[in-house]
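Please walk through this protein with the sequence and the structure side by side.

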Amino acid sequence: MSREERLLALVPPALVEADRAVARRLLQDRDRGLALACRKGCAACCHYLVRVSIAEVLHIRRVVEALSEEHRERVRSRAAVIRSEADQADLTADLEGGLILTPGDPGQEARMESLSRRYLALDVACPFLDDGACSIYEDRPTPCRQHGVTSGADLCVDPFSNNVRAVAVWPLVRDRLVWECAQITGEPPRMLPLAFRP
Ligand code: SF4
């Protein structure tokens with residue numbers, strides 16, 4: 001099996017695991033009187049920095065290749081615009097180099113938050129967002145599957161200032177995938193911005 005095939009093979013079970021983890025958590029939240037506030041058409045979180053493993057980048061590329069030509073071109077031209085906006089904000093290199101998991105590093109969380117804030121300030125929607133809905137919903141990556149809120153959806157436009165109550169899903173399948181990819185590639189446990197890669 002090639003290295004790419006080994007990476008791609010990680011994804012289907014990870015998607016199932018991500019969905020199961022969310023379903024388990026939502027049942028627990030329901031018992032505590034908390035309901036999921038996320039609804040179709042509310043796409044604030046599709047403006048966030050979505051960080052994925054290299055395995056999911058490869059998977060999403062295959063998904064994009066299988067789209068209709070018109071859909072594929074729409075996604076790719078949006079991604080090019082996002083990349084250009086990030087370039088102008090001097091953010092591209094920081095995202096490409098800064099999204100590495102560094103367990104035990106007390107600065108990791110602050111670094112990730114800073115990058116996420118700067119990305120959100122670009123005010124760009126995910127290239128897969130069409131009319132307020134995910135155009136690759138069945139294939140959306142694990143961070144999208146594992147994100148949800150039980151606080152008012154109107155708060156999500158600014159998760160750094162508002163008191164957003166996220167569904168506390170554990171384990172984060174994305175992070176486990178990042179480590180599994182690092183074992184296969186021999187490279188650092190790196191995440192990549194989903195919006196740059198289709
Ligand atoms: S992949 Fe879909 S769910 Fe995830 S950020 Fe993009 S549009 Fe939203």
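Predicted model: local features only at pLDDT ≥ 70, side-chain atom pairs only at ≥ 80, totals over all residues.

D90 is exposed, because its relative accessible area is 60% and the cut-off for exposed is over 50%. D90 sits in the loop between α4 and α5. Its phi is positive, about 55°, although D90 is not a glycine. Most residues other than glycine have a negative phi.

D123 is also a residue with a positive phi that is not a glycine, and its value is about 60°. D123 is found in the loop between α6 and β2. With a relative accessible area of 60%, D123 is exposed.

The helices themselves can be taken in turn.

Helix α4 covers residues 69-88, which makes 20 residues. From its first C-alpha to its last α4 reaches 29 Å, close to the 28 Å expected at 1.5 Å a residue. Which residues of α4 are buried? They are H71, R72, V75, A79, I82 and A86. Seen down the axis of α4, these buried residues fall within an arc of 100°, so they line one face of the helix. On the other side of α4, the exposed residues are E69, E70 and Q88. The buried residues of α4 pack against three helices and a strand, namely α3 (54-65), α5 (92-98), α6 (108-122) and β2 (129-130).

Helix α6 is one of those partners of α4. It has 15 residues, and the distance from its first C-alpha to its last is 22 Å, close to the 21 Å expected at 1.5 Å a residue. Its buried residues are Q108, M112, L115, S116, Y119, L120 and L122. Seen down the axis of α6, the buried residues lie within an arc of 140°, so they line one face of this helix. A110 and A121 are exposed on the other side of α6. What covers the buried residues of α6 includes α4, α5 and β1.

Helix α2 runs over residues 11-31. Its 21 residues should span 30 Å at 1.5 Å a residue, and its end C-alpha atoms are 31 Å apart, which agrees. Which residues of α2 are buried? V11, A14, L15, A18, A21, V22 and D29 are. They line one face of α2, because, seen down the helix axis, they fall within an arc of 130°. On the other side of α2, R20, R30 and D31 are exposed. The buried residues of α2 pack against α1 (3-9), α3, α7 (142-145) and α8 (173-185). After α2 comes G33, whose phi is positive, near 80°.

Now turn to another loop residue. S53 lies in the loop between β1 (51-52) and α3. Is S53 buried or exposed? S53 is buried, because its relative accessible area is 0%, and buried means under 20%. Leaving out residues up to four places away in sequence, S53 touches R174, L177, V178, C181 and R190.

The next stop is the ligand. Around the ligand are C46, V50, C126, F128, L129, C134, P141, C144 and L194. By class, this shell has nine nonpolar residues, no polar residues and no charged residues. C134, a member of the shell, is partly exposed, with a relative accessible area of 28%.

The last topic is the cysteines. A disulfide is a covalent bond between the sulfur atoms of two cysteines. To count as a disulfide here, the two sulfur atoms must lie within 2.5 Å of each other. How many disulfides does this rule give? The count comes to zero. C45 shows how the rule works: the closest cysteine sulfur to its own is in C46, 4.4 Å away, which is too far for a bond. C45 is partly exposed, because its relative accessibility is 28%. C46, its neighbour in this comparison, is one of the residues around the ligand.

Terms used: Residues numbered from 1 in each chain as written. Heavy atoms only, no water. Buried < 20%, exposed > 50% of the residue type's maximum accessible area, 1.4 Å probe, protein only. Helix = DSSP H or I, 4+ residues; strand = E, 2+ residues; numbered from the N terminus. Expected span 1.5 Å × (residues − 1). Arc of directions from axis to C-beta. Contact = heavy atoms within 4.5 Å. Near = heavy atom within 4 Å. Nonpolar A, V, L, I, M, F, W, Y, C, P; charged D, E, K, R; others polar.
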